[in-house]
Amino acid sequence: MDQDHTPQDTRRCSAAHVEDRTPCAGPRDAVTVLDAVGGAVPGCERHGARMLASIHGARVEPGSVVGAATRVLTAAEGLVPFCWRAPTRLDAAV
């Protein structure tokens with residue numbers, strides 16, 4: 001998960017992709033997204049869902065917000081991978 005060595009905006013969560021300019025939604029540690037090989041990244045609900053939808057084999061675990069992992073999983077199911085590159089109506093609210 002740590003393949004892009006571009007400096008990250010410290011005002012946004014770690015799950016926010018450098019090309020995705022949307023603001024965080026909620027606490028930056030609402031959930032933790034894990035990739036298939038054990039990499040883990042804390043994220044807000046918006047960027048957690050976007051990351052989950054974009055990484056094959058990823059999963060989400062609870063973070064600091066009760067119920068956020070369930071909401072992130074549900075939101076990710078309606079997103080296309082890398083939705084910030086080709087927005088759809090499904091991701092307008094996420």
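1. Arg50 and Asp20 are both buried in this predicted model. The two residues form a salt bridge, with their closest N and O atoms 2.9 Å apart. This pair links distant parts of the chain, since Arg50 belongs to helix 1 and Asp20 to the segment before strand 1, 30 residues apart. Burial here rests on a relative accessible area under 20%.

2. The whole structure contains 3 salt bridges. One of them joins the side chains of Glu45 and Arg71 at 2.9 Å, N to O.

3. Another salt bridge is formed by Glu19 and Arg85, whose closest N and O atoms are 2.8 Å apart. Because Glu19 is in the segment before strand 1 and Arg85 in the segment after helix 2, this pair ties together parts that are 66 residues apart in sequence. Glu19 counts as partly exposed, its relative accessibility being 43%. Arg85, with a relative accessibility of 51%, counts as exposed.

4. Arg85 also has a place beside an aromatic ring. The charged end of Arg85 sits over the ring of Phe82, at 4.9 Å from the ring centre. Phe82 has a relative accessibility of 32% and therefore counts as partly exposed.

5. The aromatic pairs deserve a separate point. The count comes to 1 aromatic pair. The pair is made by Phe82 and Trp84, with ring centres 5.5 Å apart; the planes stand at 80 degrees, so the arrangement is edge-to-face. Trp84 counts as buried because its relative accessibility is 16%, whereas Phe82 counts as partly exposed.

6. Pro81 is located in the segment after helix 2 (68-77). Although 26 residues separate Pro81 from Ile55 in sequence, their C-alpha atoms are 7.6 Å apart in space. With neighbours within four places in sequence left aside, Pro81 is in contact with Ala53 and Ser54. Pro81 has 49% relative accessibility and so counts as partly exposed.

7. The strands form an open sheet of 3 strands in the order 2-1-3, and the pairing is antiparallel. Strand 2 (40-43) and strand 3 (59-62) are at the edges; each has a single partner strand, so one side of each is left without a neighbour in the sheet. From one strand to the next, the twist averages 30 degrees.

8. Strand 1 (residues 31-34) and strand 3 run antiparallel and are joined by 4 bridges. Within this pairing, Val31 has Pro62 of strand 3 as its bridge partner. Helix 1 (residues 45-54) packs on the sheet and touches strand 1, strand 2 and strand 3. The direction of helix 1 makes about 15 degrees with that of strand 1.

9. Helix 2 lies across strand 1 and strand 3, and runs at about 160 degrees to strand 3.

Conventions
Residues numbered from 1 in each chain as written. Predicted model: local features only at pLDDT ≥ 70, side-chain atom pairs only at ≥ 80, totals over all residues. Heavy atoms only, no water. Phe/Tyr/Trp six-rings, centres within 6.5 Å; stacked < 30°, edge-to-face > 60°. Buried < 20%, exposed > 50% of the residue type's maximum accessible area, 1.4 Å probe, protein only. Lys NZ or Arg CZ within 6 Å of the ring centre and 35° of its normal. Helix = DSSP H or I, 4+ residues; strand = E, 2+ residues; numbered from the N terminus. Contact = heavy atoms within 4.5 Å. Pairing = 2+ DSSP bridges. Axes fitted to C-alpha atoms, helices over the stretch in contact; angles between N-to-C directions. Salt bridge = Lys/Arg side-chain N within 4 Å of Asp/Glu carboxyl O.
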